[in-house]
Amino acid sequence: MGRVELVAPCHFGLEAVLKKEITDLGYEIVQVEDGRVTFQGEEEALCRANIFLRTAERILLKVAKIRAVTFEELFEQVKALPWEAYIPSDGKFWVTKASSVKSRLFSPSDIQSIVKKAMVERLRTVYHVEWFPETGAEYPIRISFMKDEATICLDTTGLSLHKRGYRTMVSKAPVKETLAAALLLLTPWKKDRILVDPFCGSGTFPIEAAMIAANMAPGMNRSFTAEKWTNIVPRKLWYQAADEADERMDLNVQTDIQGYDIDADIIKAARQNAASAGVDHLIHFQARPVSALSHPKKYGFLVSNPPYGERLEEKEHLPALYREIGERFRELDSWSMYLLTGYEDAEKYIGRKADRNRKIYNGMLKTYYYQFLGPRPPRRKEHMFETEQETDENRR
């Protein structure tokens, strides 16, 4: 197929994190919009993006961008697209999702119906058949309208990319894996630094941190819809991307990643999830209340999603809980703290104003990512000595 244009949806407000991930993979950014990043690459980009991107929700293969203000226009423009270049005669195709924002065509069900009819009409003419068996590979279509312009894509991913495959047991209010990874990538934490989640629940933050530390591709242990699209993407490209993921991974990395929770059963589930991810040896889980939070080392990171009282009966306990968080944090000399919470009085009871605050939607819930920044650690003498040596050698 050659060069392709791909659309990667993400959490609203975290587009810059995804943009950097895509750039680091070596692909050209075409456009950054609210909740999605569009980029270009050769056809192998479709495979590598699905396997390597930590913060994208899915990877969409862009078919076209059209403008339509009536259903007649929508039908004719979709019918004019070269669907035979994407969908074989036995392919199973349907419009899995339609959305519309500030557009005259606003009914998702009607949009889905019209697009499907137009595709059938086009393919019926091309393949000279009256009906389609749809016994082959699946080709789900997604269409999104924005101000009367529609982006039409094929969904290459299938199950959302946050479905890494390791989280078989979840806590009451889990953070999605893609969101946890994005929030970690927003911090200056590196694999040689301490990281503690005192409200780890089913272990998402520690597990995603361990995967980052081990350079483990988040999609290496799952399958994707486009793997069966042999008419579009040669199977060997998937094998090559999987081999690259294996070569990049380092499970012998040394880490200090810890997850705590007051619920012993939840800690058991977190351990099982970490084992499923293959990173249980990189994380220390323990049943421990936040009141017992302490650590002898300096320059560590607290990254967590503490309770924020979605139910009315929980709200009365929040002031004491966040006061406890603040007291424990003050005892951690030189640490930084990053909290995702919907509790708007968090700073008040923590006793300190956050250095940075980012509004993030966790599903339909408005939350805040409070960032309390500690001092930078001093440069290591060995590193400084090596740098000085390199400088001396360059001068010679």
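How many salt bridges does the count come to? The count comes to 22 salt bridges, a salt bridge being a side-chain nitrogen of Lys or Arg within 4 Å of a carboxyl oxygen of Asp or Glu.

## Basis of the model

This is a predicted model, in which local features need pLDDT of at least 70 and side-chain atom pairs count only at pLDDT 80 or more, while totals for chains, interfaces and linings use all residues. Residues are numbered from 1 along each chain as its sequence is written, and side-chain values use heavy atoms, with hydrogens and water left out.

Seven strands make up an open sheet with mixed pairing, in the order β2-β3-β1-β4-β7-β6-β5; strands (E, at least two residues) and helices (H or I, at least four residues) are DSSP runs numbered from the N terminus, and two strands pair if DSSP finds at least two bridges between them. At the edges stand β2 (28–33) and β5 (92–101), each of which pairs on one side only. β2 pairs with β3 (residues 36–41) in the antiparallel sense over five bridges, and valine 32 stands opposite valine 37 in β3.

Helix α4 (residues 108–127) packs on this sheet, where it touches β5 and β6 (138–146), and its direction makes about 140° with that of β5. Contact here means heavy atoms within 4.5 Å, and angles run from 0 to 180 degrees between N-to-C directions, with axes fitted to C-alpha atoms, for helices over the stretch in contact.

The side chains of glutamate 149 and lysine 65 meet in a salt bridge, at 3.8 Å from N to O. Because glutamate 149 lies in strand β7 and lysine 65 in strand β4, the pair ties together parts that are 84 residues apart in sequence.

## The sheet with edges β10 and β13

Another open sheet of seven strands, also with mixed pairing, has the order β10-β9-β8-β11-β12-β14-β13, and its edge strands, β10 (283–287) and β13 (356–362), each pair on one side only. Neighbouring strands of this sheet are turned by 20° against each other on average, direction ignored. Strand β11 (residues 301–304) pairs with strand β12 (residues 336–341) in the parallel sense over four bridges, and valine 303 stands opposite tyrosine 338 in β12.

Helix α5 (residues 177–185) packs on the sheet, touching β8 (194–197), β11, β12, β13 and β14 (365–372), with its direction at about 170° to that of β13. Helix α10 (residues 318–331) lies across β11, β12 and β14 and runs at about 165° to β12.
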